[in-house]
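Subject: Structure for you to look at, with notes on its pockets

Hello,

Here is the structure I promised to hand over to you. Please open it first, and then read the notes below beside it.

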Amino acid sequence: MSVQIGPVPVDPPLILAPMAGVTDRDFRLIIRRIGGVGVVTMEFISSRAIVGGFPKTLELMEFSQEERPLSIQIYGSDVDTMVEAARVVEELGPDICDINMGCPANKVLKGCAGAALMGDLKLAEKMIASVRRAISIPLTVKFRLGLNDQERNYTDLGRICEDNGVAAVAMHARTAKQMFRGEAEWPEIARLKELLSIPVFGNGDVRTSEDALRMMAETGCDGVMIGRGVTKNPWLFQQIAARMAESTVVEPTVRDRRDLILTHFRRVAEREPSKFALHKLRKFTGWYTHGLPHGRKLRQRINELPDVQSFLAAVEEFFEEILVEEAA
Ligand SMILES: Cc1cc2nc3c(=O)[nH]c(=O)nc-3n(C[C@H](O)[C@H](O)[C@H](O)COP(=O)(O)O)c2cc1C
């Protein structure tokens with residue numbers, strides 16, 4: 001089962017959703033190496049920061065060949081800056097460039113970027129058309145249902161995308177006002193799919209392999225984009241791909257989880273200054289230990305640990321205990 005984003009095959013038709021502070025190079029590689037993902041994406045990158053050439057931003061956009069196919073998502077409110085940023089992105093050589101029209105964060109909305117563009121479809125169209133003309137790699141757009149319940153205009157934006165040469169769209173089936181509250185409204189994905197002939201990726205609340213197949217069956221969407229579900233279960237794409245291929249779905253063992261966590265954390269520890277590393281490790285520990293016995297105890301304990309080394313030791317000890325318990 002495969003779908004094309006322009007000339008780029010997305011096989012299987014599963015995309016790692018962009019997540020700020022999460023989908024960095026380490027995480028993307030982990031997910032890619034486990035397998036089952038069609039396209040990986042970065043966190044959204046400010047067009048202004050790209051055009052300004054900020055070293056930290058350029059560093060964020062580094063990727064390795066192993067991650068392909070890969071998409072870089074940009075955001076902004078000024079058309080010329082977005083065009084310029086898209087050109088810089090194209091030069092870096094990703095497979096796809098994506099425009100964020102769904103971010104509901106106040107900081108982004110105030111700058112009239114992200115989901116705010118759904119409140120100004122004229123500007124959105126100008127941006128899409130201008131960026132489309134400026135680059136030759138496939139352009140995609142990610143958006144929500146609309147700004148709020150009164151202004152659900154995703155069908156209009158979807159049409160604008162299709163009419164202006166966008167290769168595929170992804171829709172998180174909530175309004176911007178909802179942020180992450182309530183449940184994603186999958187029937188709206190079905191409506192969008194009915195309307196458009198370019199590929200539609202459904203997004204929102206896919207947590208299990210069953211969810212992914214159900215979203216495809218219920219909405220007819222061409223593929224599924226997943227964010228939070230993969231942070232709690234990095235094997236999710238592999239499991240969905242197995243289900244799609246009608247082969248056995250394998251659950252990771254405790255040993256698999258330990259190896260993944262420690263490999264990831266050691267990489268973070270090598271690269272990042274201590275304060276940031278600790279913050280990141282705490283966040284990931286919360287997700288990675290989801291559903292494990294005594295996970296809460298570890299999560300409480302690590303809040304008190306002062307440095308990365310003691311953190312890593314605590315995680316190792318935690319898994320040793322579970323493995324001993326399992327063997328008993
Ligand atoms: C921590 C976090 C960061 C996010 N950052 C971005 C982002 O940079 N760009 C974007 O388009 N969406 C971002 N999102 C939204 C996700 O891409 C996705 O649309 C949303 O989480 C719903 O999908 P899910 O239910 O599979 O998580 C973020 C979500 C989370 C939880």
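How do the residues of the lining of the largest pocket divide into nonpolar, polar and charged? They divide into 21 nonpolar, 16 polar and 11 charged, where Ala, Val, Leu, Ile, Met, Phe, Trp, Tyr, Cys and Pro count as nonpolar, Asp, Glu, Lys and Arg as charged, and the others, Gly among them, as polar.

Please keep in mind that this is a predicted model, in which local features need pLDDT of at least 70 and side-chain atom pairs count only at pLDDT 80 or more, while totals for chains, interfaces and linings use all residues. Residues are numbered from 1 along each chain as its sequence is written, and side-chain values use heavy atoms, with hydrogens and water left out.

A word on terms: on a 1 Å grid over the protein atoms alone, a cavity is a set of points where a 1.4 Å probe fits but cannot get out, whereas a pocket is an open set with protein on both sides within 12 Å along at least five of seven lines, and lining residues have an atom within 4 Å of a point. Grid points are joined across faces, edges and corners, and a volume is the space filled by probe spheres set on the points.

The largest pocket holds about 1100 Å³ of space, and of the 48 residues that line it, Pro18, Met19, Phe180, Gly227 and Arg228 lie nearest its centre. Domain 1 (3-244) and domain 2 (254-327) both give residues to this lining, so the largest pocket lies between them; the domain bounds come from an automatic or database domain assignment. Among the helices (DSSP runs of H or I, at least four residues) and strands (E, at least two), numbered from the N terminus, α10 gives the most to this lining, with four residues.

The second largest pocket, with about 660 Å³ of space, also lies between the two domains, because both give residues to its lining. Its 17 lining residues include Lys56, Glu59, Leu60, Glu272 and Lys280, which lie nearest its centre, and the lining divides into three nonpolar, two polar and 12 charged residues. Here the largest share, four residues, comes from α13.

Of its 15 lining residues, Ile15, Ser71, Asp98, Thr140 and Met225 are the closest to its centre, and by class the lining has 10 nonpolar, three polar and two charged residues.

Best wishes
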